[in-house]
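Visitor: I would like to learn how to read a ligand site and a strand arrangement. Can we take it feature by feature?

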Amino acid sequence: MVGINKKKINVGMVGYKFMGKAHSHAYKDVGMFFEPTADVVMKAICGRDENGVKEAAEKFGWESYETDWRKMIAREDIDFVDINAPSDAHKEIALAAIAAGKHVFCEKPLALNLADGREMLAAAEKAGVKHAVCFNYRFLPAVQLAKQIIDEGRLGEIHHYRATYLQDWLVDPNTPLAWRLKKEVAGSGAHGDINAHSIDLARFLIGEFDRVVGHSRTFVKERPVLTGSSGLSGTGSATEKGEVTVDDATGFLADFKNGAMGMFVASRFAAGRKNHNTFEIHGSKGSIRWDLEKLNELEVYFREDEPNLAGFRRILATEPTHKYAGNWWPTGHIIGYEHAFVHIVYEFVQHMTTNSPFAPTFLDGVKCQEVLEAVDLSIERGAWVSVDEV
Ligand code: SOE
């Protein structure tokens, strides 16, 4: 609840497109459904195009706007900086915010590459500011339940971890060359954008990676040059084409430090799959399966069940006992994609204001980047690569 005498924490946000909207929504909702120790004040939103950022400020409910992020960071009324601009901007903005003593909330992947991510982590740790990477899917009630089941040992020893993150927005060769298809802006393609989520979920749920081996494809090597952006892709030129410099799909095998075997596939060419983020885990005592497209549900199988009654059961994670669920609606009144952002914002506000434990930090961003780069190296070498090597 917004309280008259409650402490305030002021956010300045860089970026106002897809993630900018998701984050703005989270800042608006967090005080209505949760009781953070400080009210988040949406102080300033920043973007290069004045008309665009002004319109976003009005529509999303920001108090002011800036067209220069340096100016926004320098403002004394900004306590923390939210970075959801394209990936090539993360490092410069984060380092400037950290140097100004501001806390940082950064979209994933943390950086264009591992070296940059490590630099960001070192700077944040040295300055003693709080830092977060927006791996939002950890914060869904069903995913939290999966973590609880595993931590309680109910799956026993983990044997298999299988993750898919499948989209199809590039299967049309005329989909234009958006920033996500340029290595210098995005770092990598499906790998850094969506395998990054699967890697983070795997680390969250079952622990660290040991070694990896991957393969990757760019199915369409040239696409129409972007003429206007909207949503993920935008509109393209009828005549001019440009080179795609990232992967369309990357898959890899993994061994985990706990002995589990992993399989991961990320693709933007999986016709019919829109945002199919799944994991399935098999242990000595049972299995669990989750799918973002049914995000409130967790399928669970326990081997100890009576044989004639055993089978996968579907748990609807909307009970007040399921983490975060009780803050929303009565049982069975499901939540959606945007709510995970509210939950991560809530946890980060608590972390900034009360020093409560928090993850994922820049350290998790770096750990994820290590796995991403180990996979890239394995593709280059055509051999397994130990994650400790990168
Ligand atoms: C685009 O592929 C994208 O929006 C990702 O960038 C997000 O992180 C993911 O949650 C959904 O897909």
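Guide: We start with the ground rules, then take the ligand, the strands and one histidine.

Guide: This is a predicted model, where local features need pLDDT of at least 70, side-chain atom pairs count only at pLDDT 80 or more, and totals for chains, interfaces and linings use all residues. Residues are numbered from 1 along each chain as its sequence is written, and side-chain values use heavy atoms, with hydrogens and water left out.

Visitor: Which residues surround the ligand?

Guide: A residue is near a molecule if one of its heavy atoms lies within 4 Å of it. Here the ligand is surrounded by Phe18, Lys108, Tyr137, Tyr165, Gln167, Arg180, Asp193, Ile194, His197, Leu232, Asn275 and Tyr337.

Visitor: How do the residues of that shell divide into nonpolar, polar and charged?

Guide: Ala, Val, Leu, Ile, Met, Phe, Trp, Tyr, Cys and Pro count as nonpolar; Asp, Glu, Lys and Arg as charged; the others, Gly among them, as polar. The shell has six nonpolar, three polar and three charged residues.

Visitor: Which helix gives the most to the shell?

Guide: Helices (H or I, at least four residues) and strands (E, at least two) are DSSP runs, numbered from the N terminus. Helix α8, residues 190–206, gives the most, with three residues.

Visitor: Which polar side-chain atoms lie by ligand oxygens?

Guide: A polar contact is a pair of N or O atoms within 3.5 Å; within protein, one must be able to donate a hydrogen and the other to accept it, and residues adjacent in sequence count only if both atoms are side-chain atoms. Lysine 108 has such an atom 2.8 Å from a ligand oxygen. For tyrosine 137 the distance is 2.5 Å. For aspartate 193 it is 2.4 Å.

Visitor: How much of the ligand does the protein cover?

Guide: Areas come from the Shrake-Rupley method with a 1.4 Å probe; for residues, only the protein chains shown count as cover. The protein covers 95% of the 310 Å² of accessible area that the ligand has on its own.

Visitor: What does strand β14 pair with?

Guide: Two strands pair if DSSP finds at least two bridges between them. β13 (residues 276–283) and β14 run antiparallel, joined by five bridges. Glutamate 280 stands opposite arginine 289 in β14. A two-residue hairpin links β13 to β14. β14 also pairs with β15 (residues 297–302), antiparallel, over four bridges.

Visitor: Why does histidine 339 count as buried?

Guide: Buried means under 20% relative accessible area, exposed over 50%, partly exposed in between (1.4 Å probe, protein chains only). Histidine 339 has 8% relative accessibility, so it counts as buried. Its side chain reaches the backbone nitrogen of glycine 336 at 2.8 Å.
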